[in-house]
Amino acid sequence: MFLRNFFLALFFTVFFAGLVFAGPSVTSSTHSNSDTWYKNNAPVFEVESGGAGYSFAFDALPDTVPDEVSDSSNPTISFSNKASGVFYFHVRMRKAGSWSDTAHFKLQIDTDGPTTATGLKAEF
């Protein structure tokens, strides 16, 4: 009986510890539409709450997977002084001893705005 219980406990520990769940939901109060360019270079992200920790990355690659080391226990994550360009926020959530899949959030920053052409001559 002892061995049976031991092996059942071992099986469930190994099996359930390796389960991966869907990436957390992510929104942004500063960059709500991924297809819109924003002048604001200090993005703020709100990640689904309830996680024991969050691992995240911010870069120009669409499919980065953050490591399994918690960067924050706060589901609100902010950055400052980001350059102009197309970027991605990647986040994983630790919950019930397991790490989620990665959620990816695209954002576009343009702190320069449109440029005005000079020296052009209209010809009709």
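1. Basis. This is a predicted model, in which local features need pLDDT of at least 70, side-chain atom pairs count only at pLDDT 80 or more, and totals for chains, interfaces and linings use all residues. Residues are numbered from 1 along each chain as its sequence is written, and side-chain values use heavy atoms, without hydrogens and water.

2. Fold. The protein chain has 1 helix and 8 strands. Both are DSSP runs numbered from the N terminus: helices are H or I with at least four residues, strands are E with at least two. The order along the sequence is α-β-β-β-β-β-β-β-β.

3. Surface and contacts. Of the 124 residues, 31% are buried. Buried means under 20% relative accessible area, exposed over 50%, and partly exposed in between (1.4 Å probe, protein chains only). The chain exposes about 8,100 Å², with 58% of it from carbon and sulfur atoms. Areas come from the Shrake-Rupley method with a 1.4 Å probe; for residues, only the protein chains shown count as cover. Take contacts (heavy atoms within 4.5 Å) between residues at least 6 apart in sequence: 65% join residues at least 24 apart.

4. Strand β6. In β6, 8 of the 11 residues are buried, so the strand is largely enclosed by the rest of the structure. Strands pair if DSSP finds at least two bridges between them. β6 pairs antiparallel with β4 over 7 bridges; there, D59 is the bridge partner of Y88 in β6. Another 7 bridges join β6 to β8, also antiparallel, with H90 opposite H104 in β8. β7 pairs with β6 over 2 bridges, again antiparallel.

5. Core. The largest nonpolar core has 15 residues. Such a core is a set of buried Ala, Val, Leu, Ile, Met, Phe, Trp, Tyr and Cys residues joined through side-chain atoms within 4.5 Å. V26, F45, F58, F89 and V91 have the most contacts inside it. β3 (44–47), β4 (53–59), β6 (85–95) and β8 (103–109) each give two or more residues. Beyond its neighbours within four places in sequence, F45 is in contact with residues including V26, F58, F89, F105 and L107.

6. Positive phi. Which residue takes a positive phi in the hairpin of β6 and β7? A96 does, near 55 degrees, with 2 residues between the strands. K95 has S98 in β7 as its bridge partner. A96 is exposed at 81% relative accessibility. N81, not a glycine, has a positive phi of about 50 degrees. N81 lies in the loop between β5 (76–78) and β6 and is exposed at 67%.
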